[in-house]
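Hello,

Here is the structure I promised to pass on. Please open it first, then read my notes below.

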Amino acid sequence: MFSSSLSDYQFTKLFKNGKFSSVYKANHTINNRVIVIKKFTLEEENDEALKKLFAEILCCRQFNHPNINKILHSFISDMDVYVLYPYMCFGTCQILLDSIFINGLPETLIALIFKDVLSALMYIHSNDFVHGSVRAHHILLDSQRAVLSNFHESRSFIKHGKKKNVLHGVSQMKNLNWAAPEVLDQNIHGFTEKCDIYSVGITACELANGIQPYIETQPTLMYTEKIRGNVPSLLDRSTYTMLLDDQGKMPFENSTRRRSFEVYSQRVLSEDFHQFAEICLNRNAENRWSAKKLMTHAFFKQCRHSSISDHIKKCRTDLQHNSSLDDEVIIGLQDEQQTERRGNSDHVQWNF
Amino acid sequence: MTVTVTSTTHAMEAQVKATAGGGGGEQQHDVDLAADDEITVLLTNKNFHFDAPSEADEAFVELNGGGGGGGGGGKSADMDLEAAIGGAHYHEPAEHPQVTWLDDDEIDTLDRVTLDIGNMFFNRVDSQDIIYQQKKKNIKMVDKYVMGDVLGEGSYGKVKEAMNSENLCRLAVKILTKRKLRRIPNGEQNVTREIHLLKQLKHKNVVQLVDVLYNDEKQKMYLVMEYCIGGLQEMLDHAPDKKMPLYQAHTYFQQLVNGLEHLHSCRIIHKDIKPGNLLLTLDQTLKISDFGVAEQLDLFAPDDTCTTGQGSPAFQPPEIANGHETFAGFKVDIWSSGVTLYNLATGLYPFEGDNIYRLLENIGRSQWVAPDWLYELDAAFANLILGMLQADPSARLSLQQIRQDAWFLSAPAVTGPPIPIPPLKGDKYGRSSVLPYLEAYHYGNEQDQEDVYFTEHDVNQELARRAASAAAEIRKSAAANAACHLYEPSTSAEAAAESGLANGSLEETRVKKKGSAIKRRAKKIVSCIKLSHCRTS
């Protein structure tokens, strides 16, 4: 389906340029499909990272689920590994948070995203895998659905033909803020697939508040807080006061933080959403609901009359008023319009 | 009354405090340095002053001559007393009239003063005059690592648990002090070589050196290594028959062979393979550790000929026991691995001896013959052991041959639950010991608890209580065992003994046999005495 020759791909845009990997948007000239290409260099002496990459590719190829980011193809050319992914026009949820929804995504959109994420997690867990790094950065969006990506932290309960009951191991430094207390604790108990549910809870706070939980906290303090069962919460009219200091004043100097604080103090998030986050963030892993059970939570009722594309349309109108946005999102939106138009024309053809 | 300190264990989480007995300005301290070498050091302290303090430190509550102590009977606590006593002498302007408090660092400093300069004064102190205080968990950082509790201690220094404050990874830190290294022959040289070796090694089954730090001011060196929850030796020590099921030994042995293969491929001969040097991580991955006596062959060496062997006697091959001038290095590790495997699975050693000379004589004398019961247990297993314990190094199996061995390739049937990793300091989940330090650091104000004090007497009582309960437990399990296997009249006697009331002659012998085990347990228990119920002054 996809060619293994580099000359068949036309690189159109560089998303990210790193030391070990770069991400490009590209066009597959043979079938004219827009894809994302991740390029990893083999020259680097970082065999740890390479091993992880191979594990990720192997792992992803075992999965087949609409809400899991597929690897379309991978090949080696010169000293580089190229991995092909489908193009998701909105990129990661992180990009949305950074550009459009600075004070957090609307609750219904969050519900829609989590519905997809949880169905992906349900699938992964039923295959005895743990994702290990659920966070806004690892959830991709296009106009139809949210998909879970970045499986480099994922681990399987099955190793050497034996199924283990618990997993051990540490998580990557940049994902620590999302890690469950039992993962951080590194004791004999180990952790289970429930650690993903905890990360979902932290991600819920991240998406709703627009800020990474624990972003300004020392890692050691974050660790002790989580061990004590203290968790970040969804900020709205009922909970925003916890941000205030002893004198009842806002602790932030910076004006954007002040503005988002005002937003928090005025909005209301549903009781179901608060409850959902609370269940996910339970200190005791056994009391956390499984992904399957969470799908039945009342929080997802609001998904019924809504779809991700509705929200995207809404934000497109917002976009027209606000020109100071990230290029990427604008391009994403344009692409989305294109794909939608194409989709519409398909639809017309069907009618015809 | 005289205090005799039977061993020095820093694990005892306490600070030492010497108070003046009833009256005199001069005190005498009688101290036993270490358990191993029963040296008695007598310190006479002529400079002990009772200077009035300028300001009373709120942390130090006055305690006068621990009246209710009563005095330690036979045993006494494990404590670095000698340092404490020196402290009275060294820290003249004490913060408190009759009291000198010392923390670990000060004890270290005093160690140096009293030992290295050759202080000839000895002190004697009443056991009831020594008061311990539960140690406060003051956070200590070395570079980016937060230090936790002491995991173990050797002649070179301590091993502490630590945590990387950036990625929250659990680690173990070996702390080496120049002063202690100088006392060991070739100490500094050995450590430099060990670091050099560890830096080259990167394998799943070899302990990983994460970082090396130096503190010139304190003359300390820190070797940061990956964290292991326990060693095979401790597992065996805690197992009922000092052995593990065959299938469990099999999984560890396979990992040992994998690790050894990596070492040998790097031209490194470990020379000290034994259960005590095989550690386990949380997910039961075996790690070969302690490269203190390891040797790396020269890149251009024609073969693996070695000249020195410094490993543990019971695991030495005949060629070393017989004192050959040169021998094949790789085969030394094979022999020790064979002894290790035999020890894991049976709890026995192929060669024994009353003392080290007898032992080495027995090893060197003749070819080992696998006992008949071993063949009955598992013939393939007996064959492998026999192949690894060939007295002639050239006839001994190589790693490649072991890989092809029938037992090595087999999957022994799971015959029951594996023996577990023993609890570390009473915590069966093996939680990080760094956590209390972090909590004290981050929530210090909330947790200002009362100071806890206790005396020798309390420690002794607690020790005795623990030892008694340990003994009762052993008796109980023995009785239970006996009850399971044979329905003999003696069972009733044992059952009676179980309650701890009767002490039949049968029990006594059993207890005697297990005496060393109890002692060891008791020693360990000291480090985890809960002080909640102890008398507070």
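Start with Lys174(B). It is buried, because 23 other C-beta atoms lie within 10 Å of its own, and 20 or more is the cut-off for that label. Bear in mind that this is a predicted model.

Where does Lys174(B) sit in chain B? It lies in strand β9, which covers residues 170-177. Which residues does Lys174(B) touch, leaving aside those up to four places away in sequence? They are Gly157(B), Val159(B), Leu223(B) and Met225(B).

Next, the meeting of the two chains. On the chain A side, 17 residues are in contact with 19 residues of chain B. Two helices of chain A, α4 (181-185) and α6 (219-227), each supply at least two residues of the side that touches chain B. The largest share comes from α6(A), with six residues. By type, the side of chain A that touches chain B divides into nine nonpolar residues, seven polar and one charged.

Last, a word on confidence in chain A. Its mean pLDDT is 83. Of its residues, 86% reach 70 or more. One stretch needs care. Over residues 340-352 of chain A, pLDDT stays under 50. For that stretch the model has one contact beyond four places in sequence. Where pLDDT is low, predicted coordinates should not be read in detail.

Best wishes

Methods. Residues are numbered from 1 along each chain as its sequence is written. Chains are lettered from A and ligands numbered from 1 in the order in which they are written. This is a predicted model: local features need pLDDT of at least 70, side-chain atom pairs count only at pLDDT 80 or more; totals for chains, interfaces and linings use all residues. pLDDT is the predictor's confidence in each residue, from 0 to 100. Two residues are in contact if their C-beta atoms, placed from the backbone, lie within 7 Å. Helices (H or I, at least four residues) and strands (E, at least two) are DSSP runs, numbered from the N terminus. A residue is buried if 20 or more other C-beta atoms lie within 10 Å of its own, exposed if 12 or fewer, and partly exposed in between; C-beta atoms are placed from the backbone. Ala, Val, Leu, Ile, Met, Phe, Trp, Tyr, Cys and Pro count as nonpolar, Asp, Glu, Lys and Arg as charged, and the others, Gly among them, as polar.
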